[in-house]
Every structure is written in C-alpha cells, then in structure tokens.
Amino acid sequence: MIVALDIAIFVIMLLTAALALRVKDLLTAVALLAGYSLVASVLFIGVAALDVGLVEAALGAGITGVLFIAAILLTTRRSVARERPKQQALTMVLIAGFFGLMVFASTDLPDRGDPEAPAQTGVSTVYVSQSLADTETPNVVTSLLADYRSQDTLGETLVILTAALAAALVLMRRPEDDAVEDERAKAAVEDERATDAVGGERATDAGEEQP
Amino acid sequence: MIGAYPSVVVRVVSALLSPFILLFGLYIIAHGHYGPGGGFAGGVFVAAAVILPRMTLDEELAYRLAPPWLGPAAGGIGMLLFLAVATVPLALGGDFLDYAMVEIAGVAASRIRYLGILVVEIAVGIAVFGSVVLIFDVLTGKSDA
Amino acid sequence: MIVVSYVLMSFGLVLIAISTLGLLVLPEIYTRAHAVAKSETLGLLLVFIGLYFRPEIDLAAAGRLTLILIIALIANPTAVHALVRAARRAGIEPWKVPHKPGAEEESW
C-alpha cells in the first residue's frame, strides 16, 4: 500500500461518484460508475484483497454497466431534477452529519494489519492457521467462503438467484400483456378522438378528472 | 443492444474473444483453491462470455450458442447442486454442510472437504452465471422463461 | 537487464502520459480517439516488454503477461473503433481548422 496512490484513488472515487450523481445524461452516469468500480477494484487489490478486487472488476466495471445500459434503452436517457430545494437542503445536512459521524468513528478504528485488532484475535486465527490442514486449501478466502462459513455463501447465492427471479417477474413481457397494452392504446386514441369531436372545453375537463 | 453489430471488426473480435473469456471464467472457478477467484467471479466471467455474443453477433447464432432458457435453468441447477451438497452430510448423520462427514475409503477427511469446496464453488458459479444471464435476457426482452 | 527494463518502461509511461495529455487538449472525439488508441497501445506494449526484462519474471509469469498483452492489443483498438463508429453514426462532425478571414482556402 502506497499512501499517495491511496489518496489519489480516493479523490478519483469521490469525484466520479459526485459527478455520477450530478450529470443529467444517464449514459454518462453509467460510464462514471463503471470507472468508479474499476478504481475501487484497484484500491482493493492495493490492500491485497485480490478476491474482492476480481469480483469488483468483473461485476462492477463490466456486467453492471451492460445491465444499466440495457435498462436505459428500455426506459429513458435523461434524468429529471427534483424540484424540492428544502428537501435537498435537509438531505445535504443529513449527508454532512453522516459523513462527520463516519469520520469521527474512523478515528477509533485499529490500524490496517494491526495484529491486536479485534478482527485478528478472535475465531479468524483458527481459520487462518488451520485452513491448509483442515481443507488442503492454501487460499483462506475460498476455504472460509465455501467451507467454514458455507452457510453464509448458501444464503448469498440464494439472495442473488431470488433477486434475478424477482427482476424477471417484474420485467418479463408476455404476449398477452402486449395485446392488452395495444387494446388500451387503441382505446385511448379513440377516447381522444371522441373528446375532440365534442369540444375543447369538455376535453380539458375530462382530462383533469382523469387520475 | 442485441443483434448483429454493424461493424465487422467488432463482430470478429468478440467472436474470437468470447471462448477465451469462457475459458478464463472456468479457470477462475476451478482455481479458487490456490488463487483469487471462486464461484462468484468465475460465474460473472462465464456470463460475460455468453452476453458478449448476444450484444455483437447475429441474433440467431448467439441464441443458438446459448438459448434463452439457459439462464433460469442454470440458476436453478446451481442452487439445487449447492443444496444437494449441503444435505448429503445431513443424510449421513452429520451437520448441515459438514462435508467431512462424508466418508470415502482411502480419502482423507481434509481431501473430502477440499472436494466439497470445489463442488460448492462450481454450484455457486453456475447459479451466478444463470442469474446474470437471466437478468440480461429479461432486460433485452428475449427471455422465454 | 534492469536498466533496459527501466528505459523501456519509462518510455512507455511517457507515451501513456502523452496520450492522456492528448485526451485533455485535443478538440473532439475523433482526434482524442486517435490519441488514446495509438500512443496508449504502443505505451502498453513498451511497458510490457520492459516487464519481461525484470529479474523476478520467470517463464510462467512471462507467459501470463503475454496472454494479457495479446488480449489488450486486441481489445483496446476494437473498443476505440466501436466508440468512434458510434460517434460517426450519432452524426458528430469531424473537427476542421477554423476558417480565418483572408487566408487562402485549402492551403494546409
């Protein structure tokens, strides 16, 4: 770990995240988020968390961008600004307070790699020292994920599959749905024609009454 | 998003690269014991190898290589494989997911845990691959699940 | 050996820096893509050749480096090609030297 590199990475991450929130073009926001993930994976690899860095580079910088772009093609490319300045001010205050709290809390954290840190003194010592004898696996991360804590991995995989199935249920288009939508669109066009034929005043009234 | 990309350079390069991406994904899944990787990252790479032809190659060809039912099927098979591995020790009188309870003559308990990890990584890889491909197919309107 | 490695790698880094500079100062997407595609690919090539000369790179590591290099050499120009093609199809006009009053047409 190199301090100057870490600081540069943090600055780039903050900039890309803030810009991704500010830009109006959602395609640009997706590109910025992919860049953010790539820089984050460099940060993870910098602290020797190779497994996390690999997943972040593959999923965050690769597949997520593709899925976001597919979603943009389905919906719209423009983001609409919310016109609530008061709420925005409150949000900024909340974010600033949360950020201050996090910085305050981080002053109490143990140093990175500190052998006396609580995370290093508990059950993890057993995992690290026994992994090779118990499971013949030199990579402790793999033996942790798939053996010692495999129930967590089971839950994680289940969550991923459930999320994919839920997305499929929400987004899936059946042929019957298309037919219903077509009929609705036709009916709407006919309604418009009918109201146009009756007269302008009636039409505006009807338009206001509709939910 | 899907269908043949109108540039021959991109088509040829993605057709050339996607088998190697697939190979790299399988390597990542199998090599999790000794290096960075495992089921999650490997499954994502394998899914990328399926999604890249869908975005650039001719539609008929891409869906013949990996039909749309592959996503949900792989997700379910991976999850079932994981659950089967988890329940085998339970059936033999041990704890849930305690692979060392499975006794095979001539194989050390640590070796069985090693193999259990391998099967779990493969199951996670299949499930993650299926989930990602399913989400992509649903977003592009090509899912027939 | 290590001196050769340093020279090649620093030359490659200079090329990558020039490509980044081009990304900043050039006027529009086509010239910028030119800066990124060519000089950055060559810079990457030089950095990798410099890496081969380092003492800690054995045969296995060199093989992996070669695979990464091949992938990068194929993927980087292709990505830039697709990007420029998309820009052309989106109707972005190439940048031209602004017309100066009094200057002769097509003098450059």
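Helices (H or I, at least four residues) and strands (E, at least two) are DSSP runs, numbered from the N terminus. In chain C the elements run α-α-α from the N terminus on, with three helices and zero strands.

This is a predicted model, in which local features need pLDDT of at least 70, side-chain atom pairs count only at pLDDT 80 or more, and totals for chains, interfaces and linings use all residues. Residues are numbered from 1 along each chain as its sequence is written, while chains are lettered from A and ligands numbered from 1 in the order in which they are written.

## Confidence and chain C

The predictor gives the complex an ipTM of 0.88 and a pTM of 0.83. The pLDDT is the predictor's confidence in each residue, from 0 to 100. Chain C averages a pLDDT of 86, and 92% of the residues score at least 70.

The C-alpha trace of chain C spans about 60 × 30 × 20 Å along its principal axes. The radius of gyration is taken over C-alpha atoms, and the globule rule is 2.2 Å times the number of residues to the power 0.38. Chain C has a radius of gyration of 19 Å, whereas a compact globule of 108 residues would have one near 13 Å.

A residue is buried if 20 or more other C-beta atoms lie within 10 Å of its own, exposed if 12 or fewer, and partly exposed in between; C-beta atoms are placed from the backbone. Of the 108 residues of chain C, 9% count as buried. Two residues are in contact if their C-beta atoms, placed from the backbone, lie within 7 Å. Among contacts in chain C between residues at least 6 apart in sequence, 72% join residues at least 24 apart.

## How the chains meet

Two pairs of chains touch, and the most contacts are between chains A and B. This contact takes 42 residues from chain B and 40 residues from chain A. On the side of chain B that touches chain A, H2, H4 and H5 of chain B each supply at least two residues, and the largest share, 18 residues, comes from H5(B).

Ala, Val, Leu, Ile, Met, Phe, Trp, Tyr, Cys and Pro count as nonpolar, Asp, Glu, Lys and Arg as charged, and the others, Gly among them, as polar. By class, the side of chain B that touches chain A has 27 nonpolar, 12 polar and three charged residues.

The contact between chains B and C takes five residues from chain B and six residues from chain C. The side of chain B that touches chain C divides into four nonpolar, one polar and no charged residues. Chain A and chain C do not touch, and their nearest C-alpha atoms are 13 Å apart.

## The largest nonpolar core

A nonpolar core is a set of buried Ala, Val, Leu, Ile, Met, Phe, Trp, Tyr and Cys residues joined through C-beta atoms within 7 Å. The largest such core has 53 residues, of which B:Val44, B:Phe45, B:Ala47, B:Phe82 and B:Ala127 touch the most other members. H5(B) gives the most to this core, with 17 residues. Not counting residues up to four places away in sequence, B:Ala47 touches A:Ile63, B:Phe129, B:Val132 and B:Val133.

## Helices H7 and H8 of chain A

Helix H7(A) is largely enclosed by the rest of the structure because seven of its nine residues are buried. These buried residues pack against helix H6 (124–135) and H8 of chain A together with H5 of chain B.

A:Ile160 lies in helix H8 of chain A. Leaving aside neighbours within four places in sequence, A:Ile160 is in contact with B:Ala127, B:Val128 and B:Ser131. A:Ile160 and A:Thr135 are 25 residues apart in sequence and 26 Å apart in space, C-alpha to C-alpha.

| Residue | C-beta atoms within 10 Å | State |
|---|---|---|
| A:Ile160 | 22 other C-beta atoms | buried |
| A:Glu136 | 17 C-beta neighbours | partly exposed |
| B:Leu97 | 24 other C-beta atoms | buried |

A:Glu136 is found in the loop between H6 and H7 of chain A and has a positive phi of about 60 degrees although it is not a glycine. B:Leu97 is found in the loop between H4 and H5 of chain B; B:Leu97 has a positive phi of about 70 degrees, and it is not a glycine.
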